[in-house]
Amino acid sequence: MFVPKLSIEFLGTGTSSGVPMIACDCEVCRSADQKDKRLRSSILVQSQETSIVVDTTPDFRYQMLRINNRKLDAVLYTHPHKDHLAGLDDIRAYNYFTRKPMNIYANTLTEEALRRDYYYAFSDTRYSGVPELHLITIDNNPFLVGDIPVVPVEVLHHKMPVLGFRFGDFTYITDANKIEDREKEKIKGSKILVLNALRKQAHLSHFTLQEAVDLATELEVPQVYFTHISHQLGKHTAINAELPEHMQLAYDGLKLEL
């Protein structure tokens, strides 16, 4: 399938609390390095024709303002946790200027959470100014958003199924601690892989840094970035110095071209 040239921008690379974390005085949270300041994890995927956001975080409004984004065609959701859903209400700004609903791609689990949390957007008696949403239910089957083909990759976040997405040679996975072999096959052949790497210590539902490194090594992807990073991992510069040359921490504002 034809894949257009793509640009990827990291809108946020932090975990659910963001970095710095409220009320924390650790050296990471006090760091003056801008790469240690992480909004909640999300990316913007763009071709010349199509613009997609993966997840609308609590920081969504600021993320869009920070990059002066004027065009958005669709939102893809990975899973229903609040740090990935909470900014959806601000979609209404795009509704206002385009005068049409926003296409929202989500699995049934996430769709249920959207209908519950944003009940007012799905009510039979809607008041003026609420988000206008066109929900499109997805599963593990590939689909097309504009001119961008999307291959879902199902991963596990403890016991919760979460969707990663492959866009051509780029694969994005967040909030995972296990990937079955059949899903790994969907990742193989990617030129760039993004994986969550929360911290160095073990966690119930996230890859540690070493687990993410080991998985990326197994999959033999030539360029790897880590995201969904907590303040417990360490400073950006120090951790990057520990990593293999073709692996590094992503940071807010990082842009990639494929």
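How many residues does the hairpin use to join E2 to E3? Four.

Quick housekeeping, then. This is a predicted model, where local features need pLDDT of at least 70 and side-chain atom pairs count only at pLDDT 80 or more, while totals for chains, interfaces and linings use all residues. Residues are numbered from 1 along each chain as its sequence is written, and side-chain values use heavy atoms, with hydrogens and water left out.

Okay, back to the strands. E2 covers residues 42–46 and runs antiparallel to E3, with four bridges joining them. When I say two strands pair, I mean that DSSP finds at least two bridges between them. Within this pair, leucine 44 sits opposite valine 53 of E3. On to E4, residues 74–76: three bridges link E3 to E4, and here the strands run parallel. Valine 54 is the residue facing leucine 76 of E4.

So what covers E3, or rather, which of its faces are covered? Both: Ser51 and Val53 on one side, Ile52 and Val54 on the other, are all buried. Buried here is under 20% relative accessible area, exposed is over 50%, and partly exposed is in between, using a 1.4 Å probe and protein chains only.

Next up, E9, residues 160–167. Six of its eight residues are buried, so E9 is largely enclosed by the rest of the structure. E8, residues 148–157, pairs with E9 in the antiparallel sense over seven bridges, and proline 152 stands opposite phenylalanine 165 in E9. The E8 and E9 hairpin has two residues between the strands, and histidine 158 there takes a positive phi near 60 degrees. Then E9 goes on to E10, residues 170–172, through three bridges, antiparallel again. Phenylalanine 165 has tyrosine 172 as its bridge partner in E10. The hairpin of E9 and E10 also has two residues between the strands, with glycine 168 at a positive phi near 60 degrees.

Is threonine 174 buried or exposed? Buried, since its relative accessibility is 0%. Its side chain makes a 2.9 Å polar contact with the side chain of aspartate 175. For the record, a polar contact is a pair of N or O atoms within 3.5 Å; within protein, one must be able to donate a hydrogen and the other to accept it, and residues adjacent in sequence count only if both atoms are side-chain atoms. Setting aside neighbours within four places in sequence, threonine 174 is in contact with Asp55, Thr78, His84, Val162, Asn196 and His228. Contact means heavy atoms within 4.5 Å.

The side chain of asparagine 107 has a polar contact of 2.9 Å with that of threonine 110. Not counting residues up to four places away in sequence, asparagine 107 touches Ile138, Pro161 and Leu163.

Last topic, pockets. On a 1 Å grid over the protein atoms alone, a pocket is an open set of points where a 1.4 Å probe fits, with protein on both sides within 12 Å along at least five of seven lines, and lining residues have an atom within 4 Å of a point. Grid points are joined across faces, edges and corners, and a volume is the space filled by probe spheres set on the points.

The largest pocket comes out at about 380 Å³. It has 13 lining residues, and the closest to its centre are Met64, Leu65, Asn69, Ala93 and Tyr94. Helix H1 (60–66) and helix H3 (92–98) are the elements giving two or more residues to that lining, with H3 supplying the largest share, five residues. By class, we have six nonpolar, three polar and four charged residues. Ala, Val, Leu, Ile, Met, Phe, Trp, Tyr, Cys and Pro count as nonpolar, Asp, Glu, Lys and Arg as charged, and the others, Gly among them, as polar.

The second largest pocket is about 230 Å³. Fourteen residues line it, with Lys37, Arg38, Leu39, Arg66 and Asp252 nearest its centre, and that lining has four nonpolar, three polar and seven charged residues.
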